[in-house]
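Dear colleague,

Please find below the structure that I am handing over to you.

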Amino acid sequence: MRILGAICLTFISTAAAFGDSTGEQMRGDRAPDATIVISGLYAFSRFQQGLLESSDLKGNAEVKNLAALRAEEAARRDKKLKEIQDAIGAEPRVSKASPAGSSLVMPDDMDGPAYVRSFYAAQIPEYESTIGLLERYLRTPDNPALAAFAREQLPALRAQLQDAERTMADK
């Protein structure tokens, strides 16, 4: 009888542990809330500002012009985002990590096409991450103003991602 009881308890504890791990997976896949989305968009803006800073180091006119354009777009996006943030009272989480654009600082021997390819290559995962964040948020948004903002931003971000992929393939 004790053996049967021990087997039952083992089965129950194993099933409970399995249920817990499944729950953890589900929580990891849940849609981000407004604060996470706002934080992610600000981080993406910092990345785009970092692109501008690193492009100044290399002096490539094509890269500088595109980086300046993306930095301007980021500033406009941040201005709209700040209004939404203030309206909903969200406090974004600020990452202590260094700006992502600083990873673009290349050795002096990387010039010309190699630098341009690395410039575009650095953007692709950032765009994919930001687009994915907005798409996950839009599955179950918790704020109508932020949802509208995300819907407005997605087509532009997708187009910029495609431009970066196409340009990188051409270089």
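A search of the whole structure finds three aromatic pairs (Phe, Tyr and Trp rings, the last by its six-membered ring, with centres within 6.5 Å; planes under 30 degrees apart are stacked, over 60 edge-to-face, the rest tilted). The model is predicted: local features need pLDDT of at least 70 and side-chain atom pairs pLDDT 80 or more, while totals for chains, interfaces and linings use all residues. Residues are numbered from 1 along each chain as its sequence is written, and side-chain values use heavy atoms, without hydrogens and water.

Phe44 and Phe47 are stacked, at 6.4 Å centre to centre and 20° between the planes. About one helical turn separates Phe44 from Phe47, because they lie three residues apart in helix H2 (helices are DSSP runs of H or I, at least four residues, numbered from the N terminus). Both Phe44 and Phe47 are buried (under 20% relative accessible area, 1.4 Å probe, protein chains only). Ring pairs also join Phe44 and Phe47 with Tyr127 in a cluster.

Phe119 and Tyr120 form an edge-to-face pair, with ring centres 5.3 Å apart and planes at 85°. Phe119 is buried at 0% relative accessible area, and Tyr120 is buried at 5%.

Key. Helices (H or I, at least four residues) and strands (E, at least two) are DSSP runs, numbered from the N terminus. Buried means under 20% relative accessible area, exposed over 50%, partly exposed in between (1.4 Å probe, protein chains only).
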